[in-house]
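Subject: Structure handover

Hello,

Here is the structure I said I would pass on. Please open it first, and then read the notes below alongside it.

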Amino acid sequence: MEPIKFYSTNLIADEVTFSEALLKGIAPDKGLYMPKEIPVFTKEEISSFSQKEYYEIAFEVARKFLVGQINDNELLALVKDAYNYPVPLEKVVENKYVMRLDQGPTASFKDFAARMMGRLMQYYIKKKKRKLLILTATSGDTGSAIANAFYDLDNIKVLVLFPDNEVTDRQRKQMTTLGKNIQIISIKGKFDDCQALVKEAFADSDLDYLDLSSANSINIGRLIPQIVYYFYSFSRLRKENDDVIFSVPSGNFGDMMGGVFAKHMGLPIKKFIISVNENDEFTSFLNTGNYSKIEPSKNCLSSAMNVGHPSNLSRLVALYDGIMNEKGEISQVPDMVKMRNDIYSISISDKETKETIKESYDSHKLLLEPHGSVGWKGLMEYCKEYNVDKDQLCISLETAHPAKFPAQIVEILKFDPELPASLEGLETKEEFFDNLDNNYSDFKDYLINNYK
Ligand SMILES: *Cc1c(COP(=O)(O)O)cnc(C)c1O
């Protein structure tokens, strides 16, 4: 079979194979890579997943996109190594579940993507005898997941930028205590500023010699792993002829895009609920058809979702036959009717986020952190508004471990959530990071001076 080609959402750059898209990250025309065709599973294949382990489902999903790009044994070994932790599905009430994507080494769902992407990148740069400098902006969890996934890998260095006041102590320490090939900068600004600095560096031809690559949610190598847990959870919870509603707490829309791919691959997803915090640019877009970014983005409790312009939105628009460039300008309107048919979106305030943490714990002993709370509240509101049958299978994603947000949990629930093993011992480790102003020329000098 011919390898699947990947095109840029800006439609100017050449089409590339998976390994090129993975190593480049962003296309030369600043667009995002998308598969030209989305492979499909048969009903029988989807049924067979209930007999497979998580990593075996990851293998089946990745294999469809990577035909001719990696051999089966190597791919299987790679996913087996990446997914060595559980994916709990917690029954909450009726047929409604929370999927906990927080058991990886940095206790956020970002581990799912980072661990597979890191291993794939390592595989291809070894083959191509190359070096890479991974440049990534983080609102908290991406940076630590990437830093941990790439820690101590040969020929790959990682530089993470984080907004100085928007990450928790624990999130910061998960990145800054590593050392070796991992370097961290605190930027006096917001997540969107960090993202803008990274994007400018990618577009700067003076820096070509650095072999920059991105590991942000814009990398196609992160989206493919994020398809897997949609198939996995369905395979574990389905009964005859079930379809499923997913609620996805969303920021840059990488997580949700994984789900949308899963739907296009044949998973019977009845509806996506895109639950966002007070940064409601997508909710308004879906309702009105008019898109305007939120600049600057609002600071909400669910800090990893403080995004005023989701970087994966141009991919969603592309899947619905529209064109949106990297600035968020739409030159071809997507099929909004079809999009509304598949997707519902709701904005959840900080007040509701806190109330939901309290209520869900009090009523169901369901322990949520702010991101998962936005997801769960979105599901509750949708079910109420549309009178969803109590037997309908619904799965809400919990994207981080509550122990990553101890201050908020203590304030709301009056107890300190137990630390998962992966987060123990962080407090006493030494931190290393640099501080920079939100200024491109300073950042460029830093890159030139630190990486020769
Ligand atoms: C990154 C992140 C999100 C948002 O995911 P996107 O793919 O950017 O939409 C939600 N919750 C947590 C805990 C995160 O780290």
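The model is predicted. The count of salt bridges in it comes to 24. Two of them are described here.

One of these salt bridges joins arginine 63 to aspartate 72, and their closest N and O atoms are 3.0 Å apart. How exposed are the two partners? Arginine 63 has a relative accessible area of 35%, so it counts as partly exposed. Aspartate 72 is also partly exposed, because its relative accessibility is 33%. Both values fall between the cut-offs of 20% for buried and 50% for exposed.

Another salt bridge links the side chains of glutamate 90 and arginine 100, with an N to O distance of 2.7 Å.

Next, the ligand. It is surrounded by 15 residues, and the closest are Lys110, Asp141, Gly251, Asn252 and Thr399. Sorted by class, this shell holds six nonpolar, six polar and three charged residues.

- Lysine 110: an N or O atom of the side chain is 2.5 Å from an oxygen atom of the ligand.
- Glycine 254: here a backbone N or O atom lies 3.0 Å from an oxygen atom of the ligand.
- Threonine 399: a polar atom of the side chain is 2.7 Å from a nitrogen atom of the ligand.

On its own, the ligand has 380 Å² of accessible area, and the protein covers 98% of that. The space that the ligand takes up is the largest cavity.

Regards

Methods:
Residues numbered from 1 in each chain as written. Predicted model: local features only at pLDDT ≥ 70, side-chain atom pairs only at ≥ 80, totals over all residues. Heavy atoms only, no water. Near = heavy atom within 4 Å. Polar contact = N/O pair within 3.5 Å; in protein donor to acceptor, adjacent residues only side chain to side chain. Areas by Shrake-Rupley, 256 points an atom, 1.4 Å probe, with all protein chains shown as cover. 1 Å grid on protein atoms, 1.4 Å probe; cavity = no way out; pocket = protein on both sides within 12 Å on 5 of 7 lines; lining within 4 Å. Sits in = over half its atoms within 2 Å of the grid points. Nonpolar A, V, L, I, M, F, W, Y, C, P; charged D, E, K, R; others polar. Salt bridge = Lys/Arg side-chain N within 4 Å of Asp/Glu carboxyl O. Buried < 20%, exposed > 50% of the residue type's maximum accessible area, 1.4 Å probe, protein only.
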